[in-house]
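Morning, everyone. Please take a look at the sequence and the fold before I start.

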Amino acid sequence: MPKIQLMNLPASSYIQIAPDLKICRVLNGMWQVSGTHGRIPAARAVESMFDYVEAGFTTWDLADHYGPAEDFMGTFRQKLADRHGSNALDQVQALTKWVPQPGSMPRNLVKQNVDKARQRMGAEAIDLMQFHWWNYRDRHYIDALKHLVDLKTEGAIRHLGLTNFDTRHLTLVLDHGIPIVSNQVQFSLIDRRPLVQLAQRCQSHDVHLLAYGTLCGGLISESYLGQPEPSAWDLTTASLRKYKNMVDTWGGWSLFQDLLKQLKAIATKHQVSVSNVAVRYVLEQPAVAGVIVGTRLGVSQHIDENARVFGFELDAEDYEHLEAVIGRSHDLFERIGDCGDEYRQR
Ligand SMILES: NC(=O)c1ccc[n+]([C@@H]2O[C@H](COP(=O)([O-])OP(=O)(O)OC[C@H]3O[C@@H](n4cnc5c(N)ncnc54)[C@H](OP(=O)(O)O)[C@@H]3O)[C@@H](O)[C@H]2O)c1
């Protein structure tokens, strides 16, 4: 059986987020297959997962509510094992999420949901289970997390992470002695709220940040440079609509165009793309282990371009030029609150 050949991304493209969990620093995000980003052809989507893994992008970000994402992962893992032997499965990391409705969290409910994800993904153990909670006033999230810790001890989960937890509640979870390896939050040139306090708290507690929204659904790319402000009709994916709202809150289309112009100048200097600079900026921030870039599997692909992120570094002058534009924007921490507050009532 032929071994799977991975293309050589530089060693710096990978990071150990736990002693036994190494991930690619650009992760493949699967919200884009959920159905809210256009129709995804299932067979072609699964087949295209081989392209990502063979190119060295071995880490996937999924969730229970991303439509067929966990099922795609299950089919992909089966095909991978059939073609290259079951050892090839060790080359791929599948990080999923559990996003329950608030309410009482008995052990059997937590276990049922973990087992469902394992079954869908065809995985003995979940590499990283990231937990989301909608309402901090409902304190049952601590019960849920304690059950997840037990399931980790029993081998159903390898590591436990959070998503969209703010600094205060991340700290509270850590104070309960719950071992958290990561927190997944929105982090981009537009949304720099993690820098206010979360990144520092993560660094001091060995919690890795996983960033999403870094390309604002594709708005941060050459495609939107010099373009008039898109109307709601022009924004064809849930992601574009979500981040266009964020751009509006941040400072509006005209300032956004100034940012794209600046990014283009920096990109030209390094012979990379606007999106590369945006991803690189977040990757270079403290506590950030990885950036999750959405993948519309079977529809569009940016594999070769995104590999260039690992071939350059931003310098002091680049940071200065970016700051000159970003410094003119509104303070999202003040307007929205800490990371994840956009999902919760204040
Ligand atoms: N925890 C949470 O609450 C949460 C929330 C949102 C997202 N996420 C995670 O983060 C992932 C990323 O999603 P996102 O919504 O934040 O989207 P994003 O990564 O900001 O944008 C993804 C889109 O950017 C475009 N793109 C990718 N690489 C590009 C490149 N090199 N040049 C130009 N365009 C490029 C693609 O558009 P085209 O397909 O049109 O080419 C792609 O669909 C999700 O899949 C999910 O895993 C998590």
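Which residues of α8 meet which residues of α9? From α8 we have L260, L263, K264, I266 and A267, and from α9 we have V274, V277 and A278. Contact here means heavy atoms within 4.5 Å.

A word on the source. This is a predicted model, where local features need pLDDT of at least 70 and side-chain atom pairs count only at pLDDT 80 or more, while totals for chains, interfaces and linings use all residues. Residues are numbered from 1 along each chain as its sequence is written, and side-chain values use heavy atoms, with hydrogens and water left out.

Back to the helices. α8 covers residues 253-270 and α9 covers residues 274-283. Their axes come within 8 Å and cross at roughly 95 degrees. So α8 and α9 are roughly perpendicular to each other. On terms: helices (H or I, at least four residues) and strands (E, at least two) are DSSP runs, numbered from the N terminus. Axes are lines fitted to C-alpha atoms, for helices over the stretch in contact, and angles run from 0 to 180 degrees between N-to-C directions. Under 35 degrees counts as roughly parallel, over 145 as roughly antiparallel, 65 to 115 as roughly perpendicular, and the rest as oblique.

What classes of residue make the contact of α8 with α9? Seven are nonpolar, none is polar and one is charged. Nonpolar covers Ala, Val, Leu, Ile, Met, Phe, Trp, Tyr, Cys and Pro; charged covers Asp, Glu, Lys and Arg; the others, Gly among them, are polar.

α8 has other partners. Take α7. The axes of α7 and α8 come within 8 Å and cross at roughly 100 degrees. Therefore α7 and α8 are roughly perpendicular to each other. K244, V247 and W250 of α7 touch W253, L255, F256 and L259 of α8. That contact has six nonpolar residues, no polar ones and one charged.

Then α11, residues 316-326. α8 and α11 pack at about 170 degrees, with their axes 9 Å apart. That makes α8 roughly antiparallel to α11. On the α8 side, the contact includes L255, L259 and I266. On the α11 side, the residues include L322, V325 and I326. By class, this contact has seven nonpolar, three polar and four charged residues.

Next, the strands. How many strands form the closed barrel? Eight, running β3-β4-β5-β6-β7-β8-β9-β10, with parallel pairing. Strands pair if DSSP finds at least two bridges between them. Neighbouring strands of this sheet are turned by 30 degrees against each other on average, ignoring direction. Helix α4, residues 140-153, packs on the sheet and touches β5, β6 and β7. The direction of α4 makes about 175 degrees with that of β6.

Q186 stands opposite Y212 in β9.

Now β1 and β2. They run antiparallel, joined by four bridges. I15 has I23 of β2 as its bridge partner. Two residues lie between β1 and β2 in this hairpin.

Last topic: empty space. Rolling a probe the size of a water molecule over the atoms shows where empty space is left. On a 1 Å grid over the protein atoms alone, a cavity is a set of points where a 1.4 Å probe fits but cannot get out; a pocket is an open set with protein on both sides within 12 Å along at least five of seven lines; lining residues have an atom within 4 Å of a point. Grid points are joined across faces, edges and corners, and a volume is the space filled by probe spheres set on the points.

The largest pocket holds about 920 Å³. It has 43 lining residues, and W31, Q32, G217, S239 and G294 are the closest to its centre. Which element gives the most to that lining? α7, with four residues. The lining has 15 nonpolar, 23 polar and five charged residues.

The second largest pocket holds about 410 Å³. L89, D90, Q91, V92 and Q93 are the closest to its centre, out of 20 lining residues.

And the cavity. There is one of 30 Å³ or more. Among the residues that line the largest cavity are Y52, F57, G294 and H302. That lining has five nonpolar, five polar and no charged residues.
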